[in-house]
Amino acid sequence: MKIAIFPPNSLILADLVERRGHEPLVLQREIRKRVTTPEIDSPPLNMTEEDPIKGLKYAAIEVPSGVRGRMALLGPLIEEADAAIIMEDAPFGFGCVGCARTNELCMFNLRKKNIPVLELKYPTNREETKEVVNKINTFLDSLEEKNG
Amino acid sequence: MSPLENSKVTRMIILGPSANISQSELVRKLHMMELPLTIKSTCYGAAVSGEEDVVKKAIDGVRELDPYNIFSKDRGFPPGDPRRCRAKRGGAREGFHQLEKEFELLDAVSNALEHPQKVSLKKAKKVSPEEFKEIAEEN
């Protein structure tokens with residue numbers, strides 16, 4: 001199954017999903033398409049003027065273009081998702097996922113999609129980390145059972 | 001950039017803090033596989049780039065060395081890309097800070113993978129006022 005993860009570039013989440021035989025929908029996949037595809041301004045490093053337009057599908061015109069630009073990357077990943085794992089309060093809120101409003105919009109879209117969602121808090125110590133890993137594995141196994 | 005570059009994927013192989021192999025051993029093992037890959041030794045482990053199925057084969061191969069301590073994740077930019085490479089930027093590349101933060105938890109992650117425990121995903125129920133009263137009176 002295709003599992004959306006949040007934060008979408010998390011090493012721990014992507015690795016755990018892959019270990020259980022599922023496909024993690026990671027942000028890097030979308031980034032790769034943009035930085036390796038030869039184009040007229042090839043290859044574009046940043047957003048092109050097309051991206052905020054694509055993002056209009058996910059956010060209204062009043063929403064800042066940064067959110068719409070980010071949603072052009074993250075929106076297609078959310079659409080593909082069959083299930084999702086959301087880890088809130090992750091400390092790495094910078095870089096491509098450094099926008100709090102985009103994060104909120106992504107989580108909102110994942111929650112309203114009517115797919116199985118596992119919500120966790122970012123672990124801060126050893127015990128919490130072990131619990132989070134066990135919960136993720138249990139969740140991923142339960143998805144397999146549901147799908148036969 | 002050739003059009004062929006487009007079909008290539010790049011993955012980072014990250015060694016956990018308790019891994020029983022070193023970066024150089026990891027890179028040597030990757031070279032010994034004789035797969036058509038670009039391999040780059042890094043501080044966290046290695047970065048490999050090549051066709052998707054070949055990269056997957058390499059990752060599965062190295063994971064066997066220490067299944068609970070070798071982690072892997074996708075990377076958007078190819079290894080040594082001047083737009084992201086530390087050598088050209090003069091500072092850590094953007095993704096490094098996140099990797100550094102998650103690295104702190106990897107020891108506990110590998111421990112949990114090695115010793116899995118059953119957990120319930122159901123949220124704990126709230127205690128009713130009657131039940132709470134009973135508990136309070138007991139003590």
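Which residues touch the most other members of the largest nonpolar core? In this predicted model, select Ile3(A), Ala4(A), Ile5(A), Ala81(A), Ala84(A) and Ile85(A); out of the 60 residues in that core, these touch the most other members.

Stay on Ile5(A). Leaving aside residues up to four places away in sequence, Ile5(A) touches Ser10(A), Leu13(A), Ala14(A), Val17(A), Pro24(A), Leu25(A), Val26(A) and Ile85(A).

Next, select Phe6(A) and Pro7(A). The peptide bond from Phe6(A) to Pro7(A) is cis, with omega near 5 degrees. Pro7(A) sits in the loop between strand S1 (2-6) and H1 of chain A. Most peptide bonds are trans.

Two further loops of chain A come next. Asp89(A) lies in the loop between strand S3 (83-88) and helix H5 (100-111), and its phi is near 60 degrees, a positive value in a residue other than glycine. Asp89(A) counts as exposed because it has 10 C-beta neighbours inside 10 Å, and the limit for exposed is 12 or fewer. Asn114(A) is in the loop between H5 and strand S4 (117-121), with phi near 65 degrees, also positive. Asn114(A) is exposed, with 6 other C-beta atoms within 10 Å.

Now show both chains. Their contact takes 32 residues from chain A and 29 residues from chain B. On the chain A side, helix H1 (11-19), helix H2 (27-36) and helix H6 (126-146) each supply at least two residues. H6(A) gives the most, with ten residues. By class, this side has 15 nonpolar, ten polar and seven charged residues.

Finish on chain B with Met32(B), in helix H1 (residues 23-32). Met32(B) is exposed, with 9 other C-beta atoms within 10 Å. Its C-alpha atom and that of Leu105(B) are separated by 30 Å.

Terms used. Residues numbered from 1 in each chain as written. Chains lettered and ligands numbered in written order. Predicted model: local features only at pLDDT ≥ 70, side-chain atom pairs only at ≥ 80, totals over all residues. Contact = placed C-beta atoms within 7 Å. Helix = DSSP H or I, 4+ residues; strand = E, 2+ residues; numbered from the N terminus. Nonpolar A, V, L, I, M, F, W, Y, C, P; charged D, E, K, R; others polar. Core = buried A, V, L, I, M, F, W, Y, C linked by C-beta atoms within 7 Å. Buried ≥ 20, exposed ≤ 12 C-beta atoms within 10 Å, placed from the backbone.
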